[in-house]
Amino acid sequence: MTEPAWLTETRATYDTAAVDYARLLPDVGEGPLDRGMLAAFLLAVRPEGTVAR
């Protein structure tokens, strides 16, 4: 299935911004609180019907 152009562009923009954030905040996600908050966020925003891994 091909995704719409707007979704491809949005994904590319987020991926580009993620590189900058990772450079600015290299330690985010390393501690248990960070990982727990990221996991909770991902569960909240995952597409309906998908299974958490």
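Arg-23 and Asp-20 both sit in helix 1 (residues 5–24), three residues apart, or about one turn of the helix. Their side chains meet in a salt bridge, 3.4 Å from N to O. The model is predicted. The protein chain has two helices and zero strands. Buried residues account for 2% of its 53 residues.

**Salt bridges**

- The count of salt bridges comes to two.
- One of them joins Arg-23 and Asp-20, at 3.4 Å between N and O.
- Arg-23 is exposed, because its relative accessible area is 59% and the cut-off for exposed is over 50%.
- Asp-20 is partly exposed, at 39% relative accessibility.
- Glu-3 pairs with Arg-11 in a salt bridge, and their closest N and O atoms are 2.7 Å apart.
- Glu-3 has a relative accessible area of 30%, so it counts as partly exposed.
- Arg-11 is also partly exposed, with 41% relative accessibility.

**A side chain to backbone contact**

- Thr-16 belongs to helix 1.
- A polar atom of the Thr-16 side chain lies 2.9 Å from the backbone oxygen of Ala-12.
- That distance falls within the 3.5 Å limit for a polar contact.
- Thr-16 counts as exposed, because its relative accessibility is 51% and exposed means over 50%.

**Nonpolar surface patch**

- Five residues form a nonpolar patch on the surface: Tyr-21, Leu-24, Leu-25, Val-28 and Leu-38.
- Together they have about 540 Å² of accessible area.
- Leu-38 is found in helix 2 (residues 32–45).
- Leu-38 is partly exposed, with a relative accessible area of 42%.

**Whole chain**

- The accessible surface of the protein chain comes to about 5,100 Å².
- Carbon and sulfur atoms hold 65% of that surface.
- Of the 53 residues in the protein chain, 2% are buried.
- Buried here means under 20% relative accessible area.
- Helix 1 covers residues 5–24, and helix 2 covers residues 32–45.

How values were computed. Residues numbered from 1 in each chain as written. Predicted model: local features only at pLDDT ≥ 70, side-chain atom pairs only at ≥ 80, totals over all residues. Heavy atoms only, no water. Patch = residues over 30% accessible without salt bridge, like charges linked within 9 Å, V, L, I, M, F, W, Y side chains within 5 Å. Areas by Shrake-Rupley, 256 points an atom, 1.4 Å probe, with all protein chains shown as cover. Salt bridge = Lys/Arg side-chain N within 4 Å of Asp/Glu carboxyl O. Helix = DSSP H or I, 4+ residues; strand = E, 2+ residues; numbered from the N terminus. Buried < 20%, exposed > 50% of the residue type's maximum accessible area, 1.4 Å probe, protein only. Polar contact = N/O pair within 3.5 Å; in protein donor to acceptor, adjacent residues only side chain to side chain.
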